[in-house]
Amino acid sequence: MPIALPHLYGLSSAHLVEYCGFQLETETAIAFDKMRIAAAKDGIAIEICSAFRDFDRQQLIWNAKASGKRVLLDSDSKPVDVDKKSPEQIIALILLWSALPGTSRHHWGTDIDVFDSNTISKANLQLISQEYASNGPCHQLYSWLVQNAPQFGFYFPFQHGLSGVSAEPWHLSYYPVAKGFVDSFDTQSLRKILLNSSVLYKELLSNNLESLAQEYVFRVAPTPL
């Protein structure tokens with residue numbers, strides 16, 4: 001049976017447009033371009049390092065971490081030894097920084113990861129909190145976004161203590177469209193997708209999907225818009 005609204009789960013990119021080598025939702029692309037121009041006037045070069053990511057790509061990331069091929073990090077971005085970790089513990093560690101396939105906001109084309117190319121190259125960027133903190137190369141960008149991003153419809157959905165996902169000062173969401181996607185998200189559709197996928201630990205994930213979705217899809221920071 002076809003999945004309703006497949007773009008919510010990274011199964012379709014038909015709603016996206018090309019923007020500077022990335023795929024974005026149409027309204028998001030227009031709003032971001034206006035924000036990028038405004039930031040440039042203040043000496044900040046906002047660039048995207050990650051935008052749309054489909055289900056298959058998220059599955060590759062998830063499985064690499066679940067199988068030990070990619071290092072898992074704790075909430076302080078420190079590597080974790082997973083040799084004696086249970087499947088539940090491994091899942092919890094992955095979810096600190098990486099979304100379960102089908103739940104990533106990057107599936108929607110409304111969410112982007114950004115950096116300041118005036119202060120750090122994409123090649124050197126690690127997307128860790130220290131880069132956006134005081135004395136970090138992207139701190140001026142972060143401060144500018146806190147003050148100005150809401151004027152263009154963007155906000156930080158992942159904030160300390162306000163979201164299931166760890167705080168990500170590089171992750172922006174275009175609220176006017178993303179809000180509708182969250183409201184339309186259906187856990188039962190996601191369960192069907194997962195059980196027909198190659199996602200590692202999919203049965204365990206399926207059994208706990210309601211609570212996982214509540215924590216990692218629906219619990220995000222309130223918007224200042």
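Buried, as I use it here, means under 20% relative accessible area, exposed means over 50%, and partly exposed is in between (1.4 Å probe, protein chains only).

**Ground rules**

I'm working on a predicted model, so I take local features only at pLDDT of at least 70 and side-chain atom pairs only at pLDDT 80 or more, while totals for chains, interfaces and linings use all residues. Residues are numbered from 1 along each chain as its sequence is written, and side-chain values use heavy atoms, with hydrogens and water left out.

**Entry: salt bridges**

I counted a salt bridge wherever a side-chain nitrogen of Lys or Arg sits within 4 Å of a carboxyl oxygen of Asp or Glu. That rule gives five salt bridges, and I looked up some of them.

Asp111 pairs with Arg105, with 2.8 Å between the closest N and O atoms. Is Arg105 buried or exposed? Arg105 is buried, at 7% relative accessibility, and Asp111 is buried too, at 0%.

Next I checked Asp183 and Lys179, whose closest N and O atoms are 2.7 Å apart. Both lie in helix 5 (residues 175-184), four residues apart, which is about one turn of the helix. Helices here are DSSP runs (H or I, at least four residues), as are strands (E, at least two), numbered from the N terminus. Asp183 is exposed at 53%, whereas Lys179 is partly exposed at 35%.

Then I looked at Arg219 and Glu215, where the closest N and O atoms are 3.0 Å apart. Arg219 comes out partly exposed at 32%, and Glu215 is partly exposed at 28%.

**Entry: the hairpin**

I call two strands paired if DSSP finds at least two bridges between them. Strand 1 (residues 16-19) and strand 2 (residues 22-25) run antiparallel and are joined by four bridges. Which residue in strand 2 is the bridge partner of Tyr19? That partner is Phe22. The two strands form a hairpin with two residues between them, and Cys20 in the turn has a positive phi of about 50°.

**Entry: the sheet and its helices**

I found an open sheet of four strands in the order 3-4-6-5, with antiparallel pairing. Its edges are strand 3 (46-50) and strand 5 (154-155), each pairing on one side only. Four bridges connect strand 3 with strand 4, and Ile48 stands opposite Val114 in strand 4.

For angles I used axes fitted as lines to C-alpha atoms (for helices, over the stretch in contact), running from 0 to 180 degrees between N-to-C directions. Contact means heavy atoms within 4.5 Å. Helix 4 lies across strand 3, strand 4 and strand 6 (171-174), at about 130° to strand 4. Helix 5 packs on the sheet as well, touching strand 4, strand 5 and strand 6, and its direction makes about 85° with that of strand 6.

**Entry: helix 6 against helix 8**

What is the crossing angle of helix 6 (residues 187-195) and helix 8 (residues 209-218)? The axes cross at roughly 115° and come within 10 Å. Helix 6 and helix 8 are therefore roughly perpendicular (65 to 115 degrees). From helix 6, the contact uses Thr187, Gln188, Leu190, Arg191 and Leu194; from helix 8, Leu209, Glu210 and Ala213.

**Entry: a loop residue**

Last, I looked at Ala133, in the loop between strand 4 (111-116) and helix 4 (139-148). Ala133 is partly exposed, at 33%. Ala133 and Ala99 are 34 residues apart in sequence and 23 Å apart in space, C-alpha to C-alpha.

Conventions: Angles under 35 degrees count as roughly parallel, over 145 as roughly antiparallel, 65 to 115 as roughly perpendicular and the rest as oblique.
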